[in-house]
Amino acid sequence: MDGKKQDDGERPHFLPLNGFSRWHQLKPFLPLGRESWRKLSLEGRAPRRIQLGSRCTVWKNEEVHKWIADPLGYRAE
């Protein structure tokens, strides 16, 4: 690692398969804006959000990868 933070404008190379990500971590990998993603999530056509606090929302990386692989066929469980 070269000591740079990911927040310095550099695009991340990959989305981890496991764990959770916040919106700013998902944004580079999604062809949608935040509001469209939120609406799809509420409709069950994108991974459901997980509210960790009043100002902290995350998504399961595993589910995001499933959505990326088949956005039109994805249905949240």
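Where does K27 lie? K27 sits in the loop between α1 (23–26) and α2 (34–43). This is a predicted model, where local features need pLDDT of at least 70, side-chain atom pairs count only at pLDDT 80 or more, and totals for chains, interfaces and linings use all residues. Residues are numbered from 1 along each chain as its sequence is written, and side-chain values use heavy atoms, with hydrogens and water left out.

Start with the sheet. Helices (H or I, at least four residues) and strands (E, at least two) are DSSP runs, numbered from the N terminus. Strands of a sheet pair through backbone hydrogen bonds, either parallel or antiparallel. Here, two strands pair if DSSP finds at least two bridges between them. The sheet is open and has three strands in the order β1-β3-β2, with antiparallel pairing. Its edge strands are β1 and β2, and each pairs on one side only.

Now take the pairs in turn. β2 (residues 50–53) and β3 (residues 56–60) are antiparallel, with three bridges. I50 has V58 as its bridge partner in β3. G53 is partnered in β3 by C56. A hairpin of two residues connects β2 to β3. On the other pairing, β1 and β3 run antiparallel and are joined by two bridges.

Follow F20 next. F20 belongs to strand β1 (residues 20–21). Contact means heavy atoms within 4.5 Å. Neighbours within four places in sequence aside, F20 touches Q25, I50, V58, W59, K60 and N61. F20 and E63 are 43 residues apart in sequence, yet their C-alpha atoms are 9.6 Å apart in space.

Charges come last. A salt bridge is a side-chain nitrogen of Lys or Arg within 4 Å of a carboxyl oxygen of Asp or Glu. The count by this rule is three salt bridges. One of them links R38 with E35, whose closest N and O atoms are 2.6 Å apart. Both R38 and E35 lie in helix α2, three residues apart, about one turn of the helix.
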